Amino acid sequence: MALNKKSIEDIDVKGKKVLARCDFNVPLDGEGNITDDKRIVESLPTIKYLLGQGAKLILCSHLGRPKGEFNMKYSLKPVAARLSELLGIDVPIAADVIGESAKALAANLQDGQCMLLENLRFDIREEKNGADFAKALANMADIFVSDAFGTVHRAHASTAGVAAYLPAYSGLLVDKELSIMGKALADPERPFVAVLGGAKVSDKLNVINNLLDKVDTLIIGGGMAYTFVAAKGYGIGKSLFDAEKVDYCKKMLEKAEEKGVKLLLPVDTVVAKDFPDPIDGEIEVKTVDVTAIPDDMEGLDIGEKTRALFADAVKSAKTVVWNGPMGVFENPTLAKGTIAVAQALVDSDAVTIVGGGDSAAAVEKLGFASKITHISTGGGASLEFLEGKELPGVACLLDK
Ligand code: AMP
């Protein structure tokens with residue numbers, strides 16, 4: 001996938017109607033209050049830039065899963081209110097998505113003004129990438145801007161379909177994601193180390209395969225590591241195991257060897273009799289060698305020796321990409337491996353990139369976010385990026 005895409009900085013938007021797809025999918029409490037406005041804040045650079053350049057800005061996003069039905073529980077009204085506060089200007093919201101209200105508001109926009117459409121997913125055709133819906137969105141504007149990195153891996157009407165009818169450019173957020181992650185994958189400063197974790201090996205098959213073509217060292221921790229340990233012939237007790245993927249793991253171990261890639265697996269592991277219940281409840285654990293996991297116990301975090309091994313590899317890197325926790329980090333007793341990896345990223349002078357999702361949450365919770373080069377705003381999207389997959393919301397943008 002070509003990544004050298006035209007951005008909003010490459011064009012003159014003055015007086016043009018710009019349809020900007022943002023990610024305003026914020027968490028709401030029972031009363032409809034926004035509990036974390038991070039996604040709105042992250043959209044501000046693009047919005048402020050476009051307004052400053054004199055665009056007539058039509059903002060749009062999805063929120064939650066209203067499944068194609070108009071449901072005020074998922075209204076973007078709280079987002080319009082928060083945007084108005086953050087921008088210090090009134091951001092009116094249409095009463096519909098592509099109906100009379102939306103069209104009238106869009107038609108009356110002046111240069112440097114913005115408005116918000118109602119939740120795109122109130123229309124069933126959004127997620128189905130319906131051509132008539134995409135066309136109706138496009139008809140309101142002269143230019144399309146893609147700035148919702150969290151949804152660029154989806155081929156929806158507002159993320160990709162609309163680009164068939166309008167010249168399409170990246171916003172500043174998408175541009176930043178593409179340039180930092182794109183460079184890491186295409187032309188990384190070496191040594192390039194990737195750290196993968198999380199529960200299931202099956203979720204990351206293509207990521208592992210693709211990264212083995214690119215990295216100098218691949219570190220595998222978390223629940224997914226145990227299928228690799230099993231593939232090496234060791235007993236793993238009650239640890240997470242995917243019997244169908246043992247052959248795949250063997251192939252990946254061989255591929256690493258052939259390519260001269262160092263593939264680091266846990267050498268010791270923190271085990272318990274059972275998975276913690278509740279997940280953050282007290283738990284009795286001990287640390288054992290990874291070759292000596294008792295039959296009746298389950299590996300739930302990387303051990304101390306492994307933490308040191310992984311941290312050393314991370315600290316000697318010049319580029320690090322991290323996706324997925326090293327253990328059941330929701331539990332304080334089992335979070336030590338994940339914290340050790342996060343700390344190693346902070347301590348290294350490498351370009352450090354954290355994929356979205358749990359690892360991003362862990363880094364933020366620890367207060368390390370400002371010390372990481374880039375925390376991706378899209379969990380699923382960044383994973384598909386690491387897989388080397390074509391992202392529909394990026395592929396549809398104009399090339400430079
Ligand atoms: P993922 O969504 O694939 O990134 O996985 C994240 C989840 O993996 C977290 O909720 C962790 O609690 C879980 N996890 C990590 N390591 C283990 C492990 N050794 N056993 C069970 N679950 C794990």
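Visitor: Which element gives the most to the lining of the largest pocket?

Guide: This is a predicted model. In it, α11 gives the most to that lining, with four residues. The elements that give two or more residues there are α1, α11 (357-365) and α12 (379-386).

Visitor: What makes D23 a lining residue of the largest pocket?

Guide: A lining residue has an atom within 4 Å of a point of the pocket. D23 is among the 28 residues that line the largest pocket, so D23 has such an atom. Along with N25, R39, T377 and G379, D23 lies nearest the centre of the pocket. The volume of the largest pocket is about 580 Å³.

Visitor: What classes make up the lining of the largest pocket?

Guide: Five residues are nonpolar, 13 are polar and 10 are charged.

Visitor: Why is the space lined by D23, R39, E42, S43, L173 and T377 called a cavity?

Guide: A 1.4 Å probe fits in a cavity but cannot get out, whereas a pocket is open. About 40 Å³ of space lies in the largest cavity, and the count of cavities of 30 Å³ or more comes to one.

Visitor: What is known of the second largest pocket, by volume and by lining?

Guide: The second largest pocket has a volume of about 260 Å³ and a lining of 19 residues, with G198, A199, L240, G327 and V328 nearest its centre. By class, 10 are nonpolar, five polar and four charged. Strand β11 (residues 298-302) gives the most, with four residues.

Visitor: Why are β6 and β12 called paired?

Guide: Two strands pair if there are at least two bridges between them. Strand β6 (residues 192-196) and strand β12 (residues 319-323) have five bridges in the parallel sense, so they pass. V193 has V320 in β12 as its bridge partner.

Visitor: What makes β8 and β14 edge strands?

Guide: The open sheet has six strands in the order β8-β7-β6-β12-β13-β14, with parallel pairing. Strands β8 (262-264) and β14 (374-375) each pair on one side only.

Conventions. Residues numbered from 1 in each chain as written. Predicted model: local features only at pLDDT ≥ 70, side-chain atom pairs only at ≥ 80, totals over all residues. Heavy atoms only, no water. 1 Å grid on protein atoms, 1.4 Å probe; cavity = no way out; pocket = protein on both sides within 12 Å on 5 of 7 lines; lining within 4 Å. Points joined across faces, edges and corners; volume = space filled by probe spheres on them. Nonpolar A, V, L, I, M, F, W, Y, C, P; charged D, E, K, R; others polar.
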